[in-house]
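Here is a short note for a colleague opening this structure for the first time. Please read the points in order, with the model on screen.

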Amino acid sequence: MATTEAARPIAVATTPHRRTRWRHVLTGSVVPRVILIVSCLVFLAPFYWMVVSALKTNTELAQFPPSLIPGAWAFNNFPDAINYIPFGLYTFNSLVITVGATIGAVLSNTLVAYGFSRIQWPGRNALFYLCVATIFLPYPVILVALFDIFGRLPSFGIQGAKSWVDTFLPLIVPAFFGNPFYIFLMRQFMLGIPKELSDAAKVDGASELQTFWRVILPLTRPAVIVVLILAAVAAWNEFLLPLLYLQSNDKYPLAVGLIFFTSEHDVSYNLLMAASTLIVLPVVIIFLVAQRFFIEGITVGGVKG
Amino acid sequence: MTAAATSVKPRSVGRFRLGTLERRNLKWGLLFISPWAFGFIALGVFPILYTFFLSLTRYTGFRSPTLIGFNNYTTMWNDPDFWKAAYNTLYYTVLAVPIGVVVAMLLAIAMNQKVREVAIYRAIFYLPSILPVFAISFVFVVLLNPGYGLVNLLLTTAGLPSPNWLGDPAYTKLALVMIAQLGAGQWALVFLAGLRGIPIELYESAEIDGAGAFRRFRSITLPLMTPVILYDIIIGLSFGLQVFTSAYILTGGATRGGAGPDNSLLTYVFYLYQQAFQFGSMGYAAALSVVLFLASVILAMAVFRWARGWVFYGGEEA
């Protein structure tokens with residue numbers, strides 16, 4: 001399309017089609033820009049409103065019409081929110097779960113993707129299609145059964161629980177068994193690495209594990225970073241699973257801990273928004289720093305983990 | 001060992017006998033995928049079979065399950081809340097998915113024009129997709145407040161009625177649909193990648209043939225984008241059927257109980273959650289899970305079959 005438009009000025013120079021040219025500028029860049037800028041405002045509004053509400057006093061928050069910029073900047077909402085719930089403890093819990101699940105995701109998905117892409121074995125493609133097909137199944141289907149299964153697995157006293165329920169294990173361990181979306185993403189990447197590299201390594205006497213570790217893994221680094229980031233953000237953002245599995249207040253991650261802000265009759269939405277802002281902040285920072293990895297991740301597949 | 005193995009030509013003794021190299025590759029291949037294979041069986045196949053079993057029992061989560069045949073299914077048939085939850089979920093999905101496709105397509109086409117600052121738009125549209133749904137939902141509780149919310153301020157300024165979004169059962173699900181649209185941004189990027197893959201020559205020759213912009217969109221862009229659109233619909237369907245967090249937060253979550261005015265926010269997974277983890281009816285919840293499993297398989301198959309009529313595979317089909 002771009003070249004079609006670029007070729008146009010020549011036509012304009014020879015025949016006086018000023019009107020057509022003007023129309024082309026309008027439809028080619030003015031109208032799209034208007035649509036895009038308005039949409040950007042809409043997409044940014046929730047984030048903006050969260051931060052602005054976090055900086056308002058409770059009285060100002062309840063005013064109509066709502067102010068677009070806080071009148072009196074209530075910065076003390078942030079320390080107040082941190083003191084309202086055990087914020088430090090919940091941050092620690094969130095970090096443990098996120099780090100654990102991310103390590104699991106990176107380890108398992110690289111290994112599995114290697115097996116699905118760099119080795120030629122009978123039945124490989126059939127199993128891979130089976131793996132990808134499970135992306136479409138809604139996870140809640142197995143929620144009840146998994147809860148019951150984890151409730152019967154001994155935890156050997158981890159986190160003072162009898163079974164896996166009320167420990168971080170159900171939130172971390174499954175990550176070590178791969179995720180079909182990440183496997184798909186990484187396999188696509190590994191398929192792009194020339195086969196000759198593996199062959200050369202094997203001629204030099206490298207075993208399959210050595211080929212994986214020394215040749216393929218270093219070349220897969222961009223895909224590993226994509227999976228690392230997506231898995232970390234997904235674990236940090238997860239709400240339903242910790243809500244189900246964790247029963248003691250002191251084991252909650254931040255996502256579930258926010259519930260305490262709504263537990264009283266009078267909800268302090270400004271404190272809730274302040275706490276939400278703090279939870280969202282690391283995600284936004286990671287996004288700003290590693291934007292291209294996020295975009296690479298979705299244009300391969302198009303879903304979040 | 002490996003060098004020797006690679007140089008040896010596979011002895012094809014019988015048709016199904018594997019050579020040394022193939023046997024070695026099979027061993028390593030299976031070894032590498034074993035984490036997934038174990039997870040697939042232990043955390044996928046087995047739980048699904050176990051769910052089928054539990055659905056035939058009365059089970060509170062304590063003691064052992066008692067077999068009661070298909071009782072849970074007959075109860076479900078007569079349970080108005082089950083129908084309500086199924087209705088709410090389908091209502092939500094049927095609205096959220098097509099709107100999402102249109103929004104994503106519109107944004108992608110706009111980004112595919114002569115706009116140099118496209119990287120900024122991409123970043124802004126993608127951002128809400130990685131923010132946690134629970135946080136976005138809490139913000140929407142504030143945004144949609146009939147007393148002081150921004151949304152109703154804009155509506156009244158435009159001279160439109162200002163509904164009680166979270167208090168009126170006619171509007172609650174629309175709030176869920178709105179929240180879902182924030183995820184359309186990442187699809188816009190997927191669509192944009194698709195649009196950029198369409199060969200320019202197609203548009204050039206169409207223009208020479210005198211096809212207008214709308215005609216070019218209908219005859220070139222749309223057909224070539226159908227595989228991506230199908231992909232969006234299938235994933236959207238799966239995610240739509242499992243919507244939980246936004247509904248849970250908009251109702252005030254655990255503390256207030258219930259599921260919005262007139263149970264209008266009782267989504268299917270919300271109901272499943274209530275039955276299993278608030279009312280302790282694990283057997284009944286398992287039956288609900290089985291129905292969700294079958295419904296999603298049947299719906300996905302129906303969409304694939306329907307798509308045969310309109311998805312264009314560019315002659316790749318044999």
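**Note on the interfaces**

1. Chain A and chain B bury about 9,200 Å² between them, and carbon and sulfur atoms account for 77% of that. Buried area here is the accessible area (1.4 Å probe) that two parts lose on being put together, summed over both. The size of an interface is often given in this way, as accessible area lost when the parts come together.

2. Some ground rules. This is a predicted model: local features need pLDDT of at least 70, side-chain atom pairs count only at pLDDT 80 or more, and totals for chains, interfaces and linings use all residues. Residues are numbered from 1 along each chain as its sequence is written, chains are lettered from A and ligands numbered from 1 in the order in which they are written, and side-chain values use heavy atoms, leaving out hydrogens and water.

3. How many residues of each chain are in contact? Chain A brings 103 residues and chain B brings 97. Contact means heavy atoms within 4.5 Å.

4. Between chain A and chain B there are two salt bridges. The term means a side-chain nitrogen of Lys or Arg within 4 Å of a carboxyl oxygen of Asp or Glu. One salt bridge joins the side chains of A:Arg33 and B:Glu117, at 2.5 Å from N to O. Helix H2 of chain A (residues 18–54) gives the most to the side of chain A that touches chain B: 17 residues. Helices are DSSP runs (H or I, at least four residues), numbered from the N terminus.

5. What classes make up the side of chain A that touches chain B? It has 74 nonpolar, 21 polar and eight charged residues. Ala, Val, Leu, Ile, Met, Phe, Trp, Tyr, Cys and Pro count as nonpolar; Asp, Glu, Lys and Arg as charged; the others, Gly among them, as polar.

6. Now look within chain A. The domain assignment gives domain 1 (2–77) and domain 2 (82–300); such bounds come from an automatic or database assignment. The C-alpha centres of the two domains lie 35 Å apart. Their contact takes 10 residues from domain 1 and 11 residues from domain 2.

7. Domain 1 and domain 2 of chain A bury about 810 Å² between them, 68% of it from carbon and sulfur atoms. A:Met50, A:Asn58 and A:Asn77 supply 57% of the area that domain 1 buries against domain 2, more than any other three residues. Across this interface of the two domains the rule finds zero salt bridges.

Key
Helix = DSSP H or I, 4+ residues; strand = E, 2+ residues; numbered from the N terminus.
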